[in-house]
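Visitor: Could you show me how to read the features of a structure, one at a time? I would like the general idea, then the case at hand.

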Amino acid sequence: MIQKVLIANRGEIARRIIRSCKESGIRTVAVYSEADENALFKQEADEAYPIGPSQVQQSYLQLDKIIEVAKKTNADAIHPGYGFLSESPSFAERCKEEGIIFIGPEAAILSLMGSKIEARKAMIAAGVPVIPGTDRAVESLEEAVTFAEQIGYPVMLKASAGGGGIGMEVVHTSDELRKAFENNSKRALSFFGDGAMFLEKHITNSRHIEVQVLADCHQHTVHLFERECSIQRRNQKVLEEAPSPSISEALRMKLGETAVIAAEAIDYSNAGTIEFLVDESEQFYFLEMNTRIQVEHPVTEEITGIDIVKEQIRIANQQALSFTQEEITRNGHAIEIRVYAEDPIRFFPSPGKITALELPEGEGVRNECAVASGDMVTPFYDPMIAKLIVFGENRAEARNKLEKALGRFKIEGIKTNIPMLQEIITYEAFKKGNTPTNFLDKYYQPTTGGN
C-alpha cells in the first residue's frame, strides 16, 4: 500500500493532492523551484526538496531530478497533478523502471491518447463519433489547403501533440490557413517537440462537454457524469459547471455511456476525462481524452461527493473501485471559476506582489488557492492562482452564491480577471445556460479595470 507520495507539481493542485493524502494518512513530499521557495504547498508537505531554477525546463520538467528525490525519500508513488509531466509517457515509464508507482495510466496509454491523430483512430475503432477531419498529420500547407476546401470552411487547425489551446486556431479562408499553418506548427514544435498538424471541421455554436471517468485494473469503469466547459478564451477554459445546463437527460446518459465505452476500448486505468463537442442538434463528437486529473475536477466532486484524488490513489494501489455505476448519485449544481493574475481588459499576465488577499467563505463555497498575502506572482508559470467553487441545490442558487462570493474576493497588488468573471455571470445568456464556446466573443466587451 502507498505510504508516501511525491507530488511532481506546484501551486493549488499540489496543495489539493497534499490535503487528500493527509486525510488518508499518507505522507507527502514536495519538490519546488527557486521561485517557489516560500510557496504554500512547500510548507504544507511533510518533506520538501529543491529541484532547480525557476524556469520549468530546469525544474518541474526535470524528470531525473524528480526521480532522484523520490528515491532519496523512499516515496512509494508519484502524483503528477496536471500539466508539466502528467501526460509524459517517458516519465510514467521511468517511474515503472525505478519501481515507483505512477498515479496515472500506463505509458502506452499516455502515448496513444497524447497523439490527437492516434486518439481519433482509436475512437473510430471503438465506434465513438469523431469530428470530420484528417486521419493523419498533413504533410504540407498545400495538402492542408486542399483538405480544407474539400470539407469546407471554417476549419480548426490543431497540433497533434497539443493541449491547453496551444497550436489551435479557427480559420475561415485559405488565406487565413496559409498564415496560421506555419505559425502554429512552429509553436507546437516549441511547446511539445512535435510540429505535426491536422485539421477538423469547425463546429459552430458548439458546446464543450466532458465526462469524468474512473477505471480500476479489475475491469471496472464508471463515469461521474458530465461537466460543461464551454466558456473559454483562446481555447482555454475560464468557467466550468456540473451538470451541464444545456443538454437533455437523454444526451447526458448517452455521453456517460459513450465515455465508458471509450475508456474500456483502450483498457484505461485511473482517472481520465473524455471531452466532446456537441452541436445545436445534440450530435456529439469525440474531441480528446485527458489522461490525468483536470483543473475542473472539483465541480464533479461537489455534485457526487467523491474525492477523485483519493480514488486515483486507490486505483494506483491496485484496489477495485468501491462503488458501482448505479451507486453514484448526482446532487445539486456546482460552478468553478479560474482566477488568473492578468489584466481583465488586455488579458496580459500581471506578475507582482500580492499585498492583500481575502478569500470568500461560507456554506457551499470552496477555495483552491495557490497563494497568500505577501506572495510574489512570478512570470515563470501559468497565471492561474486560484479556483473558486460554489455549490447550490440548483443552478440559480449556485450562480447567486458565485456572484456574492466574487464580491467578497479581495486581491490587491496585482490585476486579476475577477471583474470579467463578475460581469459575465450577470448576462441573461449565462443565466439561461446559453453558453456556447464562442460565448466570450459574442457577449463580453471588456470595459472595466482590474481589481
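Guide: Let us begin with burial: a residue is buried under 20% relative accessible area, exposed over 50%, and partly exposed in between (1.4 Å probe, protein chains only). Here, glutamate 241 has a relative accessibility of 1%, so it counts as buried. Please keep in mind that this is a predicted model, where local features need pLDDT of at least 70 and side-chain atom pairs count only at pLDDT 80 or more, while totals for chains, interfaces and linings use all residues. Residues are numbered from 1 along each chain as its sequence is written, and side-chain values use heavy atoms, with hydrogens and water left out.

Visitor: With which residue does glutamate 241 form a salt bridge?

Guide: The general idea is that side chains of opposite charge can pair when their charged atoms come close. The criterion for a salt bridge is a side-chain nitrogen of Lys or Arg within 4 Å of a carboxyl oxygen of Asp or Glu. For glutamate 241 the partner is arginine 395, with the closest N and O atoms 2.7 Å apart. This pair links distant parts of the chain, as arginine 395 is in helix H12 (residues 395-408) and glutamate 241 in strand S11 (residues 236-242), 154 residues apart. Helices (H or I, at least four residues) and strands (E, at least two) are DSSP runs, numbered from the N terminus. Arginine 395 also counts as buried, because its relative accessibility is 13%.

Visitor: How many salt bridges does the structure hold?

Guide: There are 44 salt bridges in the structure. One of them joins lysine 71 and glutamate 98, whose closest N and O atoms are 3.0 Å apart. Lysine 71 lies in helix H3 (residues 63-72) and glutamate 98 in the loop between helix H4 (89-97) and strand S5 (101-102), so this pair ties together parts that are 27 residues apart in sequence.

Visitor: Are lysine 71 and glutamate 98 buried or partly exposed?

Guide: Lysine 71 is partly exposed, with a relative accessible area of 46%. Glutamate 98 is partly exposed as well, at 28% relative accessibility.

Visitor: Which side chain meets lysine 116 in a salt bridge?

Guide: That is the side chain of glutamate 288, at 3.3 Å from N to O. Lysine 116 lies in helix H6 (residues 116-126) and glutamate 288 in strand S13, so the pair ties together parts that are 172 residues apart in sequence. Lysine 116 is buried, with a relative accessible area of 8%. Salt bridges can also join up into a network, as they do for Arg16, Arg19, Glu301, Glu302, Asp307, Arg366 and Glu368.

Visitor: How do I read strand pairing around S12?

Guide: Two strands pair if DSSP finds at least two bridges between them. S12 pairs with S9 in the antiparallel sense over 9 bridges, and with strand S13 (residues 284-290), also antiparallel, over 6 bridges. In the second pairing, leucine 277 stands opposite tyrosine 285. S12 and S13 form a hairpin with 5 residues between them, and glutamate 282 in the turn has a positive phi of about 70 degrees. Strand S12 (residues 270-278) is mostly covered, with 9 of its 9 residues buried.

Visitor: What is the bridge partner of glutamate 210 in S12?

Guide: The bridge partner is glutamate 275. Glutamate 210 itself lies in strand S9 (residues 207-215) and is buried, with a relative accessible area of 0%.

Visitor: With which side chain does glutamate 210 make a polar contact?

Guide: A polar contact is a pair of N or O atoms within 3.5 Å; within protein, one must be able to donate a hydrogen and the other to accept it, and residues adjacent in sequence count only if both atoms are side-chain atoms. For glutamate 210 the partner is the side chain of lysine 237, at 2.8 Å.

Visitor: Where is arginine 233, and what does its side chain join?

Guide: Arginine 233 is in strand S10 (residues 221-233), and its side chain has a polar contact of 3.0 Å with that of glutamate 342. Contact in general means heavy atoms within 4.5 Å. Leaving aside neighbours within four places in sequence, arginine 233 is in contact with Val238, Glu342, Phe347 and Leu440. Arginine 233 counts as buried, at 12% relative accessibility.
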